Amino acid sequence: VYGVERYIGTYTESLLGQTYPNIEFVIVNDGTKDRSMEIFREILDNRFPHLKGRVHIYDKENGGLPSAREFGLKHFSGDYFLFSDPDDVMETTMVEKLVSTALETGSDITYCDYWKESPKKVKLILENDYADGDSAKWIDDIFNWEAYSYLWRCLFKAELYRDHDIVMPPYSMNEDTYIFSQFLEFAEKIAHLREPLYHYLIHEGSIANSKARKARNRVERAINYMDLRALFDSRGYKIMNDQTRRDIVAYAGWSILKFDRDNFKSYPEILRECKTFRVGRNLRLPIFKQFLLRSYLCCK
C-alpha cells in the first residue's frame with residue numbers, strides 16, 4: 001500500500017470481500033503519507049470486523065515495490081500465496097476459484113485471465129495456455145513480448161518461495177518479471193483457469209505514466225533484465241535459453257542508448273557484448289534499432 005488513496009476503497013472491498021473463508025491478509029504499508037491506511041482501517045472496522053484476527057498490518061519505511069513484496073513474503077504462513085495491487089480490483093470469487101483449481105490439479109502456479117481497464121477502454125485479456133508445464137516457453141514468450149509476468153493473477157504454492165532463495169530486483173520496473181522468472185524455474189506443474197477474475201486498472205495522469213518516468217522505466221527495466229540474466233547464469237538455472245539471453249542484452253543496449261547513455265559506463269558488459277552482435281535475424285530487436293545501436297557502438 002503506497003499512495004493509492006483514490007483507489008484503496010474499492011480495492012479493500014474486493015480484497016476483504018473474498019468468498020474463500022480461510023485467508024490470511026498481509027497488508028504492507030510501505031511508508032505511504034496519504035490516507036490509504038486510514039481508509040483501509042475504516043472499511044475493516046465498519047464492514048469486515050469479523051476478519052480482524054486474520055488481517056495483519058505492517059508499517060515500514062518506503063522502500064519501493066520489490067521491498068514491499070519481499071516483506072510480505074517473509075510474513076505469510078499459508079500453504080499458498082498471491083499478490084494484489086492496491087489500485088486494482090479483484091472478483092470476490094478469485095481466491096476461492098484459484099485455490100480450488102490448484103487443489104484439483106496439484107499445480108505450483110495457478111493463473112487466471114483478467115480485464116485490462118482504462119478510462120477509455122476495457123479489454124479482456126485471455127492468457128496463453130502454459131498448463132502443460134512448459135516454463136521455458138513461458139519465460140521465452142515473456143521476453144519476446146508475447147506473454148505476461150504479472151504476479152497478481154497467480155496463486156503460488158508456498159514452497160516456491162520457502163524452499164528457494166528468491167532474489168528481489170534492484171529496481172521496481174518489471175519487478176514482476178524478475179520474481180516470476182525465478183518461480184517458473186522451480187514450478188513443476190502449472191494450471192490455467194480460463195476465467196477473468198482480476199481487473200487491472202490503468203490510471204491516467206499517474207507518475208508512472210508521465211513521459212519522463214516512462215523513459216527512466218525503460219532503463220530500470222533493462223538493468224533489471226541484465227541483473228536477472230546474471231542471476232540465472234551464476235546459479236545455473238536452465239529455463240532461460242540462449243536466444244532470450246541475447247535478446248535481453250540487445251534490449252538493454254537499445255534502452256540505454258536511447259534514454260541514458262551514461263549507463264554504458266556503469267554496465268560495461270552491455271557495451272562489450274552488444275559489440276559482438278551482428279545486425280540480422282538472430283536477435284528479436286527490430287532491425288533498425290540493431291543498426292542504430294551497432295552504429296553507435298562502432299564509435300566506442
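Student: How many of the 12 residues of helix α7 (residues 175–186) are buried?

Tutor: Happy to start there! This is a predicted model, where local features need pLDDT of at least 70, side-chain atom pairs count only at pLDDT 80 or more, and totals for chains, interfaces and linings use all residues. Residues are numbered from 1 along each chain as its sequence is written, and side-chain values use heavy atoms, with hydrogens and water left out. Helices are DSSP runs of H or I, at least four residues, numbered from the N terminus, and buried means under 20% relative accessible area (1.4 Å probe, protein chains only). Helix α7 is largely enclosed by the rest of the structure, because the buried count among its 12 residues is 11.

Student: Is Glu127 buried or exposed?

Tutor: Look in the loop between β6 (122–125) and α5 (135–143), where Glu127 sits; strands are DSSP runs of E, at least two residues. Its relative accessible area is 9%, and exposed would need over 50%, with partly exposed in between. Glu127 is therefore buried.

Student: With which side chain does the side chain of Glu127 make a polar contact?

Tutor: Glu127 touches several residues (heavy atoms within 4.5 Å), including Tyr111, Tyr148 and His192, not counting residues up to four places away in sequence. A polar contact is a pair of N or O atoms within 3.5 Å; within protein, one must be able to donate a hydrogen and the other to accept it, and residues adjacent in sequence count only if both atoms are side-chain atoms. At 2.6 Å, the partner is Arg153.
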